[in-house]
Amino acid sequence: LTIAGSDSGGGAGIQADLKTFSAFRVFGMSVLTAVTAQNSVGIQGLESLSPEFVAKQLESVLSDFGADAVKTGMLFTAPVVGAVAAALNTYRVETLVVDPVMTSDSGDPLLRPDAREALMRELFPLALLVTPNLDEASELAGFPVTSREEMEEAARAIHRLGPRHVLVKGGHLKGEAVDLLFDGRTVTPFVARRIEFVNSHGTGCALSAAIAAGLAKGVSLPQAVAGAKAYVTAAIRESFAAGRGRRVLRHFIEEW
């Protein structure tokens, strides 16, 4: 199950999550939190759904299907964060991947300041994994994250907020693309060769969705992270220009 916003351009959000689920051959379900008017250039408009309707969607899905794994993306408002946390508690969802989406690739805000506090307070303690990029890690940890050493320090700081694991994504650093997984004791690096020429959209959504898909299929968290990173690296390598702005991932690829 993905709980996130809609990207009308299809490159990120709910659309990217469902494509990724299909690529991993798991059955994807969706709960929308917001609807954007969006393309490869940026976001032209945004409408947040009411927390009551978000809760109604969650009740519909979880009371019937349940969910082997859940991921969250754009939540935008504090009341929506609260509605999501309440439903996940009610239905005792244990396999939760939180992608703490704060801004779009084009720099548009996707999480209000009070929602950030609610996210840390209400959702992080429920999470099996939180997957911040460097900017998000900086916001959550309270200091700039610009090196591998600071990534590790940030992972430890974010872990103290309650999630069982933290994956700090180093895609914006120079050199190899290194992500660090912290389980409260050990830091495990996941390294991939950087694809320098690609400026692509929706990579964070696809990575967290791929991790959730792997977990839903029963693999361990480190295996799920490794498989997701290999998938996203291949999808970036095969990305293409669908519009005038950022490239989009090729979600359906032969192998990774």
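Which residues have the most contacts inside the largest nonpolar core? They are Leu1, Ile3, Leu58, Val84, Leu88 and Leu123, in a core of 47 residues. Welcome to this predicted model, whose protein chain has eight helices and 11 strands. Here is a short tour, starting from the inside.

**The cores**
- As a general pattern, nonpolar side chains in soluble globular proteins tend to be buried together.

**A look at Leu1**
- Leaving aside residues up to four places away in sequence, Leu1 touches a set of residues including Phe21, Met29, Val31, Leu58, Val61 and Leu62.
- Ala67, Ala69, Val70 and Lys71 are also among the residues that Leu1 touches.

**Overall shape**
- The radius of gyration of the protein chain is 17 Å, which agrees with a compact globule because 256 residues packed that way would have a value near 18 Å.
- Along the principal axes, the C-alpha atoms fill a box of roughly 45 × 45 × 35 Å.
- Of the contacts between residues at least 6 apart in sequence, 65% join residues at least 24 apart.

**Surface and charge**
- Buried residues account for 54% of the 256 residues.
- The accessible surface is about 11500 Å², and carbon and sulfur atoms hold 49% of it.
- The chain carries 24 positive and 28 negative side chains, with the centres of the two sets 4 Å apart.

How values were computed. Residues numbered from 1 in each chain as written. Predicted model: local features only at pLDDT ≥ 70, side-chain atom pairs only at ≥ 80, totals over all residues. Heavy atoms only, no water. Core = buried A, V, L, I, M, F, W, Y, C linked by side-chain atoms within 4.5 Å. Buried < 20%, exposed > 50% of the residue type's maximum accessible area, 1.4 Å probe, protein only. Contact = heavy atoms within 4.5 Å. Helix = DSSP H or I, 4+ residues; strand = E, 2+ residues; numbered from the N terminus. Rg over C-alpha atoms; globule rule 2.2 N^0.38 Å. Areas by Shrake-Rupley, 256 points an atom, 1.4 Å probe, with all protein chains shown as cover. Lys, Arg positive; Asp, Glu negative; His and termini not counted. Charge placed at Lys NZ, Arg CZ, Asp CG, Glu CD.
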